[in-house]
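I opened the model to look up a few local details. My notes follow in the order I took them.

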Amino acid sequence: MADDASNADDRVIVWFDIDNTLYSASSKISQAMGERIHNYFVSLGLSHEEASTLHHRYYSQYGLALRGLKRYHDVDVLDFDRKCDGSLPLEQMISYDPALRKLFEDIDRSKARVWALTNAYKPHAERVLNILKLNDLVDGLVFCDYTIPEFSCKPEAAYYKMAMKQANVTDPSKCYFVDDNRGNIDGALAQGWGKCVHFCEKGLESMEGGITKQIGDEPLDPTKANGSSIVEVSNLMQLREIWSEIFRH
């Protein structure tokens, strides 16, 4: 009966990315993660130059450096997770934000379900949600299962399809999505996700693939989603207006 009820659920579904979306890039978590991943490459016997080159190459080609490490270096994925994500002092880097919790509380659950969607492994995602005190307000979590031989990640089509399957969503137009990565938004729009928002803290820095970048400098790719169809926000509180139809007033 539970499955029948879930399949019959006609509410929209709101997907929140976690890292650099539910907390600010000013936390420097992406930089701390980048340093740990770089050191992991070096621990495999690579020089710092080789480590930097492969880190960026694997991230660019596969969406996550770990996928390249797994494919070409046969690393223990749980060892990687423990030494990289698992060693981050998250409790010292991010903290509970009552306004963010209120944002989640004010989503009208008669109209919408709320799920988290991440390229991280489950333990890291759960740590962040617990620190931010959002775990009880998230109905489900889609994550990258590092233990699966050929796991997918955003922005691959297979990842969004997997997310919809896990959440029992058949109509992509009912998907609302917010993410700090423009490529991930493009990927969702390519799957027909209806209401996509790019969280963009222009002027701040983040690290992707071991390379520090200034947020907001990403060039638009004309071969992908039309940039005019993407709503951009610098503060998640703006979602109250942009997605006003799913919030209680």
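Ground rules next. The model is predicted, so local features need pLDDT of at least 70 and side-chain atom pairs count only at pLDDT 80 or more, while totals for chains, interfaces and linings use all residues. Residues are numbered from 1 along each chain as its sequence is written, and side-chain values use heavy atoms, with hydrogens and water left out.

Back to His 198. I find it in strand S5, residues 195-199. Strands are DSSP runs of E, at least two residues; helices are runs of H or I, at least four; both are numbered from the N terminus. His 198 is buried, because its relative accessibility is 2%. Buried means under 20% relative accessible area, exposed over 50%, partly exposed in between (1.4 Å probe, protein chains only). Beyond four places in sequence, I list its contacts (heavy atoms within 4.5 Å). Among them are Asp 179, Arg 182, Ile 230 and Glu 232.

Then I checked backbone angles. Asp 74 has a positive phi, near 50 degrees. Asp 74 sits in the loop between helix H4 (65-73) and helix H5 (77-83). It is exposed, at 68%. Asn 168 also has a positive phi, near 55 degrees, but is partly exposed at 28%.

Last, I noted a cis peptide bond between Lys 154 and Pro 155, with omega about 10 degrees.
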